[in-house]
Every structure is written in C-alpha cells, then in structure tokens.
Amino acid sequence: MIVTIDGVAASGKSSVSSGVARALGVPYVSSGLLYRAATLLGLEAGLELQNAPGLLAYLQIHPLRLEPLAGGNRIWQGERELTGELHSTRVDAGVSVVAALPEVRAWVDAQLRALPSPFVAEGRDMGTNVFPHAGAKFYLTASPHVRAQRRAQERPEDVPAIEAALIRRDALDRVQSAPAPDAVVIDTGPLTLDGVIQTILAQLPEQQRSRPASSV
Ligand SMILES: Nc1ncnc2c1ncn2[C@@H]1O[C@H](COP(=O)(O)OP(=O)(O)OP(=O)(O)O)[C@@H](O)[C@H]1O
Ligand SMILES: Nc1ccn([C@H]2C[C@H](O)[C@@H](COP(=O)(O)O)O2)c(=O)n1
C-alpha cells in the first residue's frame, strides 16, 4: 500500500512521514529532496534555473540516487552525499523555480513511480498526480506563523524573515500543492508531532496499522 502525505512548506511532512513510516515498518519517500538536489546541482553548475533542457542534460550525466528509509531519506550523486546541503536558504530560494518546470516534474515522477511499494510518500502532488490510486491520502497545513516558529528552531534566520520566505514559497508552489479531493486535511497547528502521527495512524485501514515494524 502507498500512503501519501502532502502539504505546504514546513508543515511537518518529513517528520510526520518518518513517524508514520516507522510505525508501519516501511520506508518513506521524500519527493522534495529530488527537487532540492536538482536545484543544488543547477546552482553549482552555474545554470539558469529556468533552463530545463540544460538542467536535465546535466542530471543525465550526473544522475541522482534517492535512498528512502523510514528514519530519513538520503540522496547521492555518485559517491557524494548531498543530503546535508539541501535545506540551505540558497536552495530554498531557488527550488520553486526548478519545481515549476514540467520537464523536471516528469523526471522526478518517473523516479518515484519506479520505487517498490509499500511506502509513505511525501511532497506536494503525491496524492493528486504521482500516486492518485494511493490507499490513504493526507494533507498537512498550519499557519505561516506557526510554521516559521517551528523552522526558527533549526535555522539561523528570525521568525519574521522565515515567515515571509514561507509565504513567498507557498505562493510559488500553489499550483502543484492543492490537496487531493479524497485527502484528509489536518491542521497541525494545535497538534504535537506525535499527535499528528497518531491522527494519521488512527485513520489507516486496520490491516495496514498492524504491519509488524521491520528494520527499514
Ligand atoms: N506538529 C508539530 N509540532 C511541533 N513541531 C513540529 C510539528 N510538525 C513538525 N514540526 C517541526 O517543524 C519543523 C518542520 O518540519 P518538517 O521539516 O518535517 O516539515 P516539511 O513539511 O517536511 O518541510 P519542507 O517543506 O521544508 O520540506 C521541524 O523542526 C519539525 O520538527
Ligand atoms: N512533490 C513535490 C515536492 C516538492 N515540490 C517542491 C516544492 C518546494 O518548493 C520544493 C521543496 O519541497 P520541500 O522539501 O519543501 O517539501 O519542491 C514540489 O513541487 N512537488
């Protein structure tokens, strides 16, 4: 079975997906990391981020490998691990441009659809576009202020700067970021991280919830 967890930026998608995946004993798949890695490589290569043919040609020569695990995803370009470099302010600022390119979206979608299920997939369009037949779909929201306060715990910028950047990214990502009509929408603002995870687990079909945890 595939469970999709979509939502706005910094709504808790990765943390929640990891918790749900651990409870189910399956990997989770972070689609945003592929967009982020493509952005980092484009920036490093000095490419215009709108240059889809140039970016795709570069990615063919320097392929990326996503390693989906329940505890956290890692992403590699050959022997080089990119994971730790993908949540910088520079990548944040450019990634919406790359994610808006249809050619790049098709490249990401093909990689995701090639992964063996079961897994929990998180991103923006997992439930609408990539896995429309997923067995369970969720969409996370929270106000920009709440999300900025949470992000401020892990970034050097202050809350107003982070909030402004989140509002800008929400607007840029809006096209591919709508909830699926059959998704359960969860406002994570009043909930703890574990509260969100338990809310999702409680709504999964019984046979899915009782899967024994494995060592993924
Ligand atoms: N319900 C919650 N209560 C408190 N903190 C939370 C909650 N959910 C997530 N967080 C915290 O908010 C921050 C952002 O969460 P996370 O990185 O999982 O979001 P995301 O949606 O995957 O972000 P991005 O869109 O940038 O990839 C993290 O520090 C995480 O621990
Ligand atoms: N399925 C997806 C996943 C991500 N994106 C875009 C949206 C963000 O600007 C960027 C990084 O995602 P994040 O790590 O913040 O979840 O990638 C998308 O368009 N579709």
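For this tour, Ala, Val, Leu, Ile, Met, Phe, Trp, Tyr, Cys and Pro count as nonpolar, Asp, Glu, Lys and Arg as charged, and the others, Gly among them, as polar. The structure on display is a predicted model.

**First stop: ligand 2**

Select ligand 2 and display the residues around it. By the classes above, this shell divides into four nonpolar, five polar and seven charged residues. Of the 16 residues there, Arg36, Arg105, Arg124, Asp125 and Gln176 come nearest.

Next, show the side chains of Ser31, Ser96 and Gln176. A polar atom in the side chain of Gln176 is placed 2.8 Å from an oxygen atom of ligand 2. For Ser96, an N or O atom of the side chain lies 3.4 Å from an oxygen atom of the ligand. Ser31 instead points to a nitrogen atom of ligand 2, with a polar side-chain atom at 3.1 Å. On its own, ligand 2 has 440 Å² of accessible area, and the protein covers 96% of it.

Now colour the secondary structure. Helix H2 (31-44), helix H4 (89-99) and helix H8 (159-173) are the elements that each give two or more residues to the shell around ligand 2. Which of the elements gives the most to this shell? The answer is H2, with four residues.

**Second stop: ligand 1**

Move to ligand 1, which also sits in the largest pocket. There are 19 residues around ligand 1, and Lys13, Ser14, Ser15, Arg151 and Leu191 come nearest. The shell is made up of six nonpolar, six polar and seven charged residues.

At Ser15, an N or O atom of the side chain is 2.5 Å from an oxygen atom of ligand 1. At Gly12 the backbone takes part, with an N or O atom 3.1 Å from an oxygen atom of the ligand. At Leu193 a backbone N or O atom lies 3.3 Å from a nitrogen atom of ligand 1. The protein buries 82% of the 630 Å² that ligand 1 exposes when taken alone.

Select helix H1 (13-24), helix H7 (144-151) and helix H9 (193-203), the elements that give two or more residues each to the shell around ligand 1. H1 supplies the largest share, three residues.

Select Phe119 and Phe131. One aromatic pair is counted in the model, and these residues form it: their rings are edge-to-face, 5.4 Å centre to centre, with 65 degrees between the planes. Phe119 belongs to strand S6 (residues 119-123) and Phe131 to the loop between helix H6 (126-130) and strand S7 (136-141), so the pair ties together parts that are 12 residues apart in sequence.

**Last stop: two backbone features**

Most peptide bonds are trans, and most residues other than glycine have a negative phi.

Select Ser117 and Pro118, which are joined by a cis peptide bond with an omega of about 10 degrees. Pro118 is in the loop between helix H5 (102-113) and S6.

Finally, select Ala10. Is its phi positive or negative? Although Ala10 is not a glycine, its phi is positive, at about 60 degrees. Ala10 is located in the loop between strand S1 (2-7) and H1.

Conventions. Residues numbered from 1 in each chain as written. Chains lettered and ligands numbered in written order. Predicted model: local features only at pLDDT ≥ 70, side-chain atom pairs only at ≥ 80, totals over all residues. Heavy atoms only, no water. Near = heavy atom within 4 Å. Polar contact = N/O pair within 3.5 Å; in protein donor to acceptor, adjacent residues only side chain to side chain. Areas by Shrake-Rupley, 256 points an atom, 1.4 Å probe, with all protein chains shown as cover. Phe/Tyr/Trp six-rings, centres within 6.5 Å; stacked < 30°, edge-to-face > 60°. 1 Å grid on protein atoms, 1.4 Å probe; cavity = no way out; pocket = protein on both sides within 12 Å on 5 of 7 lines; lining within 4 Å. Sits in = over half its atoms within 2 Å of the grid points.
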